[in-house]
Amino acid sequence: MGSVKVQGLVKRYGEVLAVAGVDMDVKDKEFVVLLGPSGSGKTSTLRCVAGLEGVSGGKVFIDDREVTYLPPADRDIAFVFQSYALYPHLSVYENLAFPLKAVRAPKTDIEERVNQAAETLRITRLLARKPTQLSGGEQQRVALGRAIVRRPKAFLMDEPLTNLDAQLRTIMRAELKRLQTDLGATTLYVTHDQLEAMSMGDQIVVFNEGKIQQTGSPMEVYNTPANLFVASFIGSPPMNFIKGSLSENRSSLQLEASLSLPLPFSNAILQALEPGGNYIFGARPEDVHLSDEPTERSLRAEVYVVEPLGAENIVNLKLGEQIVKVRTSPTFVPPIGQQLWASFDPDRSHLFDPKSEEALR
Ligand SMILES: Nc1ncnc2c1ncn2[C@@H]1O[C@H](COP(=O)(O)OP(=O)(O)OP(=O)(O)O)[C@@H](O)[C@H]1O
Ligand SMILES: [Mg+2]
């Protein structure tokens with residue numbers, strides 16, 4: 001397998017700036033997920049790495065060899081698309097053999113590699129069938145098989161699970177992760193599904209508007225988001241954001257009316273803030289704690305509604321005019337209108353600058 005490096009990648013389509021200077025470093029055997037909303041430049045980045053699109057600027061390296069201007073066939077990588085693009089008139093066996101025949105591999109080699117790939121993907125019993133006689137998940141496996149047989153330096157995958165139903169998606173998610181680990185296959189994987197990114201990636205590259213917002217392990221982007229975009233894009237239900245202005249003594253945020261939120265941050269952090277300035281406090285639903293009695297740095301809130309989700313409940317609190325979602329155990333079902341005291345985990349609370357949108361902690 002191999003590494004993939006992208007330096008200062010720019011991609012324009014006429015007036016449209018799709019990729020605005022992207023740097024990425026995918027190490028050998030690593031599974032890197034490009035995550036971002038629709039139109040953020042994920043597919044464009046992947047297609048430039050594959051050579052399916054010419055770049056408008058920047059460089060692409062595979063195994064430290066510059067390939068920026070090489071045709072796709074000379075880059076030694078395999079692409080798996082959202083649509084499986086299988087040949088309908090060929091059997092599964094012939095579909096798998098196709099890329100090997102194209103490079104005139106010896107017949108015995110082809111047989112061995114196709115059978116091995118079929119075994120890995122557990123589709124041996126389907127080898128004689130045509131693609132139309134397969135379920136969506138089976139077609140997906142064949143598409144993966146066609147990428148595997150070539151033993152390329154890297155796999156590039158663009159939303160390969162999108163056409164599967166929700167249940168099959170979760171199964172294939174785990175299967176694909178396991179397959180990638182077993183093969184030690186360097187993989188660049190595009191998705192706009194944050195759960196897919198969190199569960200599969202060694203590294204997540206978060207895209208927005210053609211730019212990288214943050215690169216890190218799933219836990220890094222979840223626990224220490226670099227800005228408001230990353231904080232709001234990853235996590236479900238999303239992080240709670242509470243806007244307010246900093247009190248004169250820097251200890252709390254004044255929300256609307258007479259409500260004030262005591263800030264659970266160290267003095268070192270508070271001293272760097274500007275009294276009277278506007279800030280956005282952030283806390284994930286699992287980092288809000290509820291109690292019947294006032295506790296240190298808690299504030300009073302009213303139960304607005306409870307959403308039971310089976311394994312957990314989401315308690316919606318009304319904090320002045322704002323709603324705060326709190327993840328609780330499924331046995332906790334406070335009645336609507338009940339007064340509770342909410343406090344925020346000091347080690348897991350965030351603060352953002354509303355102007356720059358950057359995380360201040
Ligand atoms: N062939 C093209 N011609 C013109 N503009 C394009 C072309 N392909 C993509 N774009 C534009 O470039 C931007 C990035 O598109 P891209 O397909 O890379 O996004 P994406 O992150 O893959 O989105 P999605 O999640 O919807 O697939 C978008 O604004 C899109 O409209
Ligand atoms: Mg796309």
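In strand β7 of this model, leucine 156 is the bridge partner of phenylalanine 79, and alanine 154 in β7 is the bridge partner of isoleucine 77. The model is a predicted one, in which local features need pLDDT of at least 70 and side-chain atom pairs count only at pLDDT 80 or more, while totals for chains, interfaces and linings use all residues. Residues are numbered from 1 along each chain as its sequence is written, and chains are lettered from A, with ligands numbered from 1, in the order in which they are written.

**The sheet**

Strands and helices here are DSSP runs numbered from the N terminus, a helix being H or I over at least four residues and a strand being E over at least two. Strands β6 (residues 77–80) and β7 (residues 154–158) run parallel to each other and share four bridges; two strands count as paired if DSSP finds at least two bridges between them. They belong to an open sheet of six strands with mixed pairing, in the order β6-β7-β8-β3-β9-β10. Its edge strands, β6 and β10 (211–216), each pair on one side only, and from one strand to the next the twist averages 15°, an angle taken between N-to-C directions on a scale from 0 to 180 degrees, with axes fitted as lines to C-alpha atoms.

In a regular strand the side chains alternate between the two faces of the sheet. Both faces of β6 are covered, with Ile77 and Phe79 buried on one side and Ala78 and Val80 buried on the other. A residue is called buried if 20 or more other C-beta atoms, placed from the backbone, lie within 10 Å of its own, exposed if 12 or fewer do, and partly exposed in between.

**Helix α3**

The 14 residues of helix α3 (residues 107–120) should span 20 Å at 1.5 Å a residue, and the end C-alpha atoms are 20 Å apart, which agrees; the expected span is 1.5 Å times one less than the number of residues. Ile110, Arg113, Val114, Ala117 and Ala118 are buried in α3. Because these residues cover an arc of only 130° around the axis, they lie on the same side of α3. The face turned away from that buried side carries the exposed residues Thr108 and Glu119. After α3 comes arginine 122, whose phi is positive, near 55°.

Key:
Arc of directions from axis to C-beta.
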